Amino acid sequence: MDLQKQTAPAAATELRASDADRDRIADILRDALGEGRLTADEHAERVEGVLAAKTVGELEVFIRDLPAAHTRRAPHVPAPSRPTPVALPVDPDENVVAVFSSAVRKGRWRAGRRIHAYAIFGSVEIDLSEALFEYQQVVIRAISVLGSVEVRVPENVSLRGAGGGVLGSFEVDHLDAEDPEAPVVHVDGWAVLGSIEGRPRRGKLVADILDRVQRHFDKGTKGLRKHLDR
């Protein structure tokens, strides 16, 4: 009996972390930053780790020295229909850099799991409104120094933000998609004498884009079949 009591908590920490688990930890870290328990650098470092964590146990590490981690709470049971988020790579799939210039990523492109954006005396625009989402989790790490980083997403995805500004502004809208399997875009970073913002692009929907792609594919397949039947 004693052995079972000792091993049960360890088994719970090995469960895969859900988006709700990550949001709960991020809320605790944000409160700790506001209370002065964490510095801005500590908060940014822990949020980065939360986004990359795979299991509940890995998430708990980031709050174990905070009072909120020791309050009793009801266990969270993840929704069975929610797909398990894939592990985020340490290195970015793509870098978008603007130094005394501008850089734009928009149109039809495949969004990777991690995108790093650097605006140094320049501007970066990342427009995901027509992008192809191959992964449910997309992390955009943004650094703006006397520059601007602008992120636009379809209005039917979830959007999260964690960061701040030093004599600058960090403004990311919080969106919750109705579809539990919709992509989730995390914008994380710091603006130093600059700006970082994340907004939905109204009228742009992931489903609409996929429907157009499917119709185009069906049209091409139909034409090919007519050609082969001749």
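These are legends for close-up views of one chain in a predicted model.

**Figure 1. The whole chain, before we zoom in.** The chain carries 5 helices and 12 strands. Of its 230 residues, 40% count as buried. Take the contacts between residues at least 6 apart in sequence, and 69% of them join residues at least 24 apart. The surface comes to about 13,300 Å², with carbon and sulfur atoms supplying 53% of that.

**Figure 2. Helix 2 and what its buried residues pack against.** Helix 2 runs over residues 19-35, 17 residues in total, and its end-to-end C-alpha reach of 24 Å is close to the 24 Å expected at 1.5 Å a residue. Which residues of helix 2 are buried? They are Asp19, Asp21, Arg22, Ile25, Ile28, Leu29 and Ala32. Residues three or four places apart in an α-helix point the same way, because each turn takes 3.6 residues. The buried residues of helix 2 pack against helix 3, helix 4 (56-60), strand 7 (137-145) and strand 11 (184-192).

Figure 3. Arginine 46 sits in helix 3, residues 40-52. Is arginine 46 buried or exposed? Its relative accessibility is 16%, so arginine 46 counts as buried, the cut-off being under 20%. Leaving aside residues up to four places away in sequence, arginine 46 touches Leu29, Leu38, Phe62, Asp65 and Leu66. The arginine 46 side chain reaches the backbone oxygen of phenylalanine 62 at 2.7 Å. With aspartate 65, the arginine 46 side chain meets in a salt bridge, 3.0 Å from N to O. Aspartate 65 belongs to the loop between helix 4 and strand 1 while arginine 46 is in helix 3, so this pair ties together parts that are 19 residues apart in sequence.

**Figure 4. Arginine 160 meets helix 2.** Here the side chains of arginine 160 and aspartate 23 form a salt bridge, at 3.4 Å from N to O. Why does this pair tie together parts of the chain that are 137 residues apart in sequence? Because arginine 160 lies in strand 9 (residues 158-166) and aspartate 23 lies in helix 2. The arginine 160 end is buried, with a relative accessible area of 14%. Aspartate 23, at 24%, is partly exposed.

Figure 5. The closest N and O atoms of arginine 199 and aspartate 173 are 3.3 Å apart, and the two form a salt bridge. The pair links distant parts of the chain, 26 residues apart: arginine 199 is in strand 12 (residues 195-201), and aspartate 173 is in the loop between strand 10 (169-172) and strand 11. Aspartate 173 counts as partly exposed, at 26% relative accessibility. Elsewhere, salt bridges that share partners join Glu48, Arg114, Arg141 and Asp188 into one network. The count of salt bridges comes to 18.

Figure 6. Most residues other than glycine have a negative phi. Phenylalanine 100, in the loop between strand 1 (94-99) and strand 2 (102-105), has a positive phi near 55°. Phenylalanine 121 also has a positive phi near 55°, and lies in the loop between strand 4 (114-120) and strand 5 (123-127). Phenylalanine 100 counts as exposed at 65% relative accessibility, whereas phenylalanine 121 counts as partly exposed at 41%.

Figure 7. Serine 144, in strand 7, is buried at 0% relative accessibility. The serine 144 side chain reaches the backbone nitrogen of serine 148 at 3.5 Å. Among the residues that serine 144 touches are Ala119, Trp190, Gly194 and Ile196. Glutamine 136 is in the loop between strand 6 (132-133) and strand 7, and counts as buried at 13%. A polar atom of the glutamine 136 side chain lies 3.4 Å from the backbone oxygen of alanine 182. Glutamine 136 and proline 183 are 47 residues apart in sequence, with 4.3 Å between their C-alpha atoms.

How values were computed: Residues numbered from 1 in each chain as written. Predicted model: local features only at pLDDT ≥ 70, side-chain atom pairs only at ≥ 80, totals over all residues. Heavy atoms only, no water. Helix = DSSP H or I, 4+ residues; strand = E, 2+ residues; numbered from the N terminus. Buried < 20%, exposed > 50% of the residue type's maximum accessible area, 1.4 Å probe, protein only. Contact = heavy atoms within 4.5 Å. Areas by Shrake-Rupley, 256 points an atom, 1.4 Å probe, with all protein chains shown as cover. Polar contact = N/O pair within 3.5 Å; in protein donor to acceptor, adjacent residues only side chain to side chain. Expected span 1.5 Å × (residues − 1). Salt bridge = Lys/Arg side-chain N within 4 Å of Asp/Glu carboxyl O.
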